[in-house]
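Hi,

Here is the structure I promised to pass on. Please have it open while you read my notes below.

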Amino acid sequence: MTEIKFTIDGRECLARPGQTIVEAARDSGIYIPVLCNDPSLKPSGSCRVCTVRCNGRYAAACTQPVAEGMTVENNVPDLEDLRRALIEMLFVEGNHFCPACEKSGNCELQALAYRFRMVVPRFPYQFPNRRPDGSDPKIFLELNRCIQCRRCILAVKTSDGKNIFGMLSRSRTTRIDKDPALLAGLSEEEARKAMELCPVGAIIRKRIGFAVPIGRRKFDSRPIGSDLESSPKGGRS
Amino acid sequence: MENIKSIVHRHGNDRLRLLDILRDVQARDGCVSREAMAEIALGLGLSVVDVEGVVSYYHFFSEGPVGRYAVYLNSNIVSIMNGRAAVARAFEREAGCRFGQVTPDGRIGLHETSCQGMNDQEPSALINGVVFTRLTESKVRELVAGMKAGKGASDLVTEYGDGANQSELVRSMVQNNIHGRGQVLFAPFLSGTALTRSLTMSPETVIDEIKKANLLGRGGAGFPTGLKWEFCRKEKYDRRYVVCNADEGEPGTFKDRVILTERPHMMFEGMAVAGYAIGAELGILYLRAEYAYLEPHLQDVLVRMRNMGLLGRNVGGRQGFHFDVEIKRGAGAYVCGEESALLESAEGKRGEPRDRPPFPVQCGYQSLPTTVNNVETLCAAARIMVQGADWFRSMGTAKSAGTKLLSVSGDCRRPGIYEVEFGLSVRDLLNLVGATGTQAVQVGGPSGVCVGPAGFDRKLSFEDLPTGGSVIIIGPRRDLFEVVRNFMDFFVEESCGWCTPCRAGNLILRNTLDKILAGQGTERDLKNIEAWGKIIKSASRCGLGQTSPNPLLTTLQNFPDLYRQKLKFKDEDQPPFDLGAAMQAACLATGRKPSLEEERQ
């Protein structure tokens with residue numbers, strides 16, 4: 001298989017045909033921040049946090065395939081600012097109270113906010129009126145925290161391939177909802193996976209809380225992206 | 001009454017036809033209830049939340065009842081300029097309910113809708129799909145009386161428009177308002193001539209001819225049509241599709257309405273030419289919901305073309321070339337004019353744009369290579385095949401060949417359709433349409449540019465001022481901020497909500513404008529609009545978000561003084577409110593005095 005040569009912030013990288021910029025960067029030990037993207041899923045390009053400049057044009061690195069000779073700008077000040085703005089938009093359009101959230105320390109939105117050194121969002125808080133949904137016996141849907149990444153829609157399905165989660169409405173009123181009958185059929189293990197898959201605290205398993213104490217969670221001691229950057233061939237681009 | 005199960009069955013239990021199913025259910029019940037959604041989901045093998053997702057996405061589907069007479073009054077800026085407020089009040093008074101409500105007896109529902117392609121005859125409304133134009137208070141009284149008397153919506157039409165609008169199959173009061181006839185669209189067109197000449201050439205030669213003519217997409221983006229066809233033809237599949245984008249939704253554009261009314265045979269023949277060029281056997285006309293009143297007319301044209309051998313098996317007598325067209329209808333979503341969102345919608349899904357690459361020419365309708373072309377583009381392609389590329393290039397400018405249909409509306413004496421050669425200046429256009437003392441011209445709709453008098457010598461062309469056709473003229477006494485606010489509202493409502501910057505960012509931008517208009521703005525807010533607008537444009541996933549800050553950005557650029565006049569403080573860091581006044585009530589209640597002066601030092 002022929003490898004594709006391209007550069008990220010001037011550093012020569014190699015990609016396999018069909019790889020996206022995020023995937024190829026990951027293989028080269030370069031961290032491009034992602035939020036909606038999960039390596040196990042088809043990218044949906046919804047959060048736009050991975051926005052890079054690719055041959056001078058803006059593109060989402062999670063959906064953009066690498067092409068021969070491509071020049072990617074990643075770790076540059078204006079893109080860092082744009083990414084932080086997107087994180088801030090997600091904070092102000094929902095209701096995120098980290099100290100009271102079961103996902104704190106495991107939350108990718110929170111971890112990215114720390115990484116981008118967000119203190120106070122530049123945008124005014126919207127304080128939307130979103131109703132949490134506790135109707136399912138196993139899963140609590142805390143829509144105040146949902147960032148509409150679509151991971152649950154893509155990943156949580158019935159054995160015959162039906163969607164359990166879906167997106168309703170459009171514009172600022174878009175929201176995730178469930179198929180009640182299908183969600184009720186989830187096994188304990190599937191419910192645990194669904195909660196783990198949600199990058200924020202929108203999908204919460206009922207009756208099990210704080211099994212791992214705050215302070216010993218995924219991002220409590222190591223910032224998001226640092227595992228990749230400290231890998232043998234890693235480093236910030 | 002036909003039950004849900006048989007409606008689903010009539011549509012072949014086909015998931016691709018979910019929009020058709022929902023439209024039938026909506027027409028039957030005045031809503032799509034949760035029970036209906038569950039039955040439809042069962043019939044199509046979907047989960048209920050999938051069906052609910054589609055119902056809640058489109059403007060003309062609803063879970064709750066919209067009234068036996070569902071009135072959708074246009075709320076776009078030209079409707080407002082032409083007296084929408086009085087018309088809306090008349091509807092409320094006569095019907096006895098407010099907008100957003102249904103009368104207690106369930107008879108009449110009043111709803112708002114964005115531009116429905118009637119900007120040259122506003123205020124307009126749709127009642128059960130029937131178009132009513134140039135509404136006045138007295139007309140509204142008659143309409144509501146008719147509805148109360150139980151007349152059918154089409155029986156409320158008392159006068160008919162010109163041309164094919166008065167034909168038996170349309171019978172609409174819509175006027176064409178064609179004021180400028182050019183050589184490409186409105187010169188006589190004899191059915192079959194484009195196909196006959198195309199069939200004397202190889203498909204590759206047809207593509208070369210279109211490339212040589214330098215035909216650029218007329219929807220606004222301006223992608224070279226010949227190149228699109230070539231890419232599509234080169235994909236190694238044995239099935240391909242031609243899609244005609246008749247979902248013109250950019251506020252202020254209505255040119256495709258007139259083509260669909262007066263030149264459908266030319267458009268369909270353009271589709272057949274495209275089919276021959278790329279090697280497709282099926283074309284799809286995606287018709288915006290607001291133009292549903294034209295569907296019987298369009299179907300009739302298709303039947304006549306089949307009878308003439310211009311569609312169907314062995315088209316134009318060419319053995320082995322089969323091509324036919326089917327019509328799919330939208331259900332009210334601006335973003336479906338974006339080609340990949342259109343394809344999703346044509347597949348019966350939420351009309352959300354796709355990621356590109358892959359582009360529709362590689363992976364389009366049902367994942368097969370598809371060329372999506374605008375109505376006007378396909379007509380121009382048909383004309384090029386008759387008259388030749390050199391003839392076409394003799395019109396327009398060096399980079400923008402041919403003519404362009406403009407939909408002109410707003411403050412001018414002769415709103416309507418003008419076919420002009422590319423390169424016409426804004427000033428010449430204003431003279432042509434009878435506009436005087438013009439304050440600003442919105443070229444290309446809300447996603448385009450707001451040009452002030454300093455830019456009136458700019459030329460309408462792809463290299464200078466591109467437009468998909470919408471030209472809105474804003475007269476001397478209009479409040480430009482009302483226009484900007486209306487456009488930002490439009491984008492806030494029409495964002496599909498998929499990506500963060502467009503979903504969250506446009507709302508933030510609009511709220512910032514509101515802050516300024518409320519007299520609470522500072523210089524900092526103007527800087528924020530520029531910086532945040534750039535972020536939204538850079539990071540958004542599709543053309544909607546990539547252009548949605550334009551109403552603010554282009555007016556801020558071309559009319560900075562208007563904004564500065566609205567600012568309360570010039571000092572960007574001064575808080576835009578009086579702290580002492582804000583605390584007065586609390587001070588009175590507690591009997592304490594704040595030490596404001598001290599803190600400032």
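To start with a question: which residue just after H3(A) takes a positive phi? That residue is Arg117(A), with a phi of about 55°.

Before going on, a word on what you are looking at. This is a predicted model, in which local features need pLDDT of at least 70 and side-chain atom pairs count only at pLDDT 80 or more, while totals for chains, interfaces and linings use all residues. Residues are numbered from 1 along each chain as its sequence is written, and chains are lettered from A and ligands numbered from 1 in the order in which they are written.

**Chain A**

Chain A has 7 helices and 9 strands (helices are DSSP runs of H or I with at least four residues, strands are runs of E with at least two, and both are numbered from the N terminus). Its radius of gyration is 18 Å, close to the 18 Å that the globule rule gives for 237 residues, so chain A is as compact as a globular protein of that length. The radius is taken over C-alpha atoms, and the rule is 2.2 Å times the number of residues to the power 0.38. The C-alpha trace of chain A spans about 50 × 45 × 35 Å along its principal axes.

Of the 237 residues in chain A, 43% are buried. A residue counts as buried if 20 or more other C-beta atoms lie within 10 Å of its own, as exposed if 12 or fewer do, and as partly exposed in between, with C-beta atoms placed from the backbone.

Back to H3(A), which covers residues 108-115: 7 of its 8 residues are buried, so this helix is largely enclosed by the rest of the structure. Among the buried ones are Glu108(A), Gln110(A) and Arg115(A). Helix H2 (77-93) of chain A is included in what covers them.

The loop between H3 and strand S6 (139-141) of chain A holds Asp133(A). This aspartate has 17 C-beta neighbours inside 10 Å and counts as partly exposed. Leaving aside residues up to four places away in sequence, Asp133(A) touches Leu141(A) and Leu143(A); two residues are in contact if their C-beta atoms, placed from the backbone, lie within 7 Å. Phe219(A) is 86 residues from Asp133(A) in sequence and 27 Å from it in space, C-alpha to C-alpha.

The domain assignment of chain A gives domain 1 (4-75) and domain 2 (97-205); such bounds come from an automatic or database assignment. The C-alpha centres of these two domains lie 25 Å apart, and 10 residues of domain 1 are in contact with 13 residues of domain 2. By class, the domain 1 side of that contact has 6 nonpolar, 2 polar and 2 charged residues. Here Ala, Val, Leu, Ile, Met, Phe, Trp, Tyr, Cys and Pro count as nonpolar, Asp, Glu, Lys and Arg as charged, and the others, Gly among them, as polar.

**Chain B**

Chain B has 25 helices and 14 strands. For its 601 residues the globule rule gives 25 Å, and the radius of gyration of 25 Å is close to that, so chain B is as compact as a globular protein of that length. Buried residues make up 55% of chain B.

The domain assignment of chain B gives five entries: domain 1 (4-57), domain 2 (69-158), domain 3 (180-393), domain 4 (403-474) and domain 5 (480-566). The C-alpha centres of domain 3 and domain 5 are 34 Å apart, and their contact takes 6 residues from domain 3 and 8 residues from domain 5.

One helix pair is worth a look: H12 (residues 264-278) and H15 (residues 375-387) of chain B have axes that come within 7 Å and cross at roughly 75°. H12(B) and H15(B) are therefore roughly perpendicular to each other (65 to 115 degrees). The residues that meet include Met267(B) and Met271(B) in H12(B), and Leu378(B) and Met385(B) in H15(B). By class, this contact has 11 nonpolar, 1 polar and 1 charged residues.

**Where the chains meet**

The contact takes 32 residues from chain B and 32 residues from chain A. On the chain B side, H19(B) gives the largest share, 8 residues. By class, that side has 15 nonpolar, 9 polar and 8 charged residues.

Best wishes

Key. Axes fitted to C-alpha atoms, helices over the stretch in contact; angles between N-to-C directions. Parallel < 35°, antiparallel > 145°, perpendicular 65-115°, else oblique.
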